[in-house]
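These are my notebook entries on one chain, written down as I looked things up.

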Amino acid sequence: MSENRPLGVTILAILMAIGGILGIIGAIQILTNPWIRIAAALRAVNIGLIYFSLLLSIVALPIAYGFWTGLTWSWYAGLAVSGLSAITNLLQLPGGILGLIIDAVVIYYLLQPNVKEWFKVMGGPTLPEISLQAKPSTSEPSSTPPPGMKFCVTCRRAIPSSNVYCPYCGAKQP
Amino acid sequence: MSQVSFPVVTKNINYMLMRLEKNLRSMPGLQVIRQGNSAVEVTASALGGLLKSKATVTLNLSGNYYFVSITSTPSPLGGNEALNYANVAVQRAFSTKQCNNCKKFIFLDDKYCMFCGQK
């Protein structure tokens with residue numbers, strides 16, 4: 001399973017896990033600092049933003065796990081988080097331009113077919129199937145049949161070359 | 001190691017392995033690799049590849065029977081998903097029935113007899 005994971009998803013999962021852990025540690029250190037409480041009381045620091053970043057860091061960990069293992073919900077979560085981040089960065093232009101570009105790249109990457117396939121998202125291509133039950137085609141098969149096999153003259157499925165009849169469609173073979 | 005046997009429907013071992021591979025590939029999260037001309041290796045992963053179990057299905061044609069042996073390596077925590085999947089796939093791929101008309105063995109999921117064309 002892990003062998004099929006796209007490299008970009010692996011990188012995103014690792015970055016998200018590291019970011020989540022560092023974010024939690026950083027937020028706890030800040031929140032336990034007595035000077036921060038004084039600064040918050042003086043309204044010099046927005047303590048709500050620190051709690052918000054702590055929440056995002058906590059949320060990042062299960063999403064990272066979902067990315068690593070290819071859980072479908074994590075794809076939607078990743079898109080939602082990147083979308084929210086992009087909107088936030090858009091509101092902070094021109095300062096948030098770098099973050100906006102990164103979010104756009106992540107969203108574009110998550111929408112790629114091989115990435116959607118990893119997350120088993122509907123609409124993506126299915127996993128490669130062996131051509132034992134290949135779709136019927138009116139044209140000649142583009143590839144030669146495997147050794148000791150032939151394609152049924154009617155349904156074009158691969159069958160043993162010794163078969164007199166096709167076991168799938170019942171057509172008599174020449 | 002476990003071993004089961006099935007009556008020969010076709011002596012084409014490549015077709016037999018293709019049937020097995022197709023069944024295994026229809027199961028989610030498995031890695032399926034052909035090993036030489038008579039075996040298929042299946043790997044099941046959990047926790048992002050940290051817990052892997054492996055099973056190797058080997059076919060041996062002898063007389064009028066295929067002898068199917070399955071060897072497995074459990075995951076570090078003792079789970080053996082690969083073996084479970086391999087057992088199910090072997091049964092689905094190689095189980096046989098007899099044609100009502102010519103009485104020859106055909107695969108359980110075949111709609112038509114490959115020998116006489118009987119539905």
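Grid points are joined across faces, edges and corners, and a volume is the space filled by probe spheres set on the points.

I noted that this is a predicted model, in which local features need pLDDT of at least 70 and side-chain atom pairs count only at pLDDT 80 or more, while totals for chains, interfaces and linings use all residues. Residues are numbered from 1 along each chain as its sequence is written, and chains are lettered from A.

I looked up the largest pocket and found a volume of about 810 Å³. Its lining has 26 residues, and A:Leu56, A:Val81, A:Ser82, A:Ser85 and A:Asp103 lie nearest the centre. Nine of the lining residues, the largest share, come from H4(A), where helices are DSSP runs of H or I with at least four residues, and strands are runs of E with at least two.

I then turned to the whole of chain A, which has six helices and two strands, in the order α-α-α-α-α-α-β-β from the N terminus.

Last, I checked pLDDT, the predictor's confidence in each residue from 0 to 100. The mean for chain A is 77, with 82% of its residues at 70 or more.

Notes
Side-chain values use heavy atoms; hydrogens and water are left out. On a 1 Å grid over the protein atoms alone, a cavity is a set of points where a 1.4 Å probe fits but cannot get out, and a pocket is an open set with protein on both sides within 12 Å along at least five of seven lines; lining residues have an atom within 4 Å of a point.
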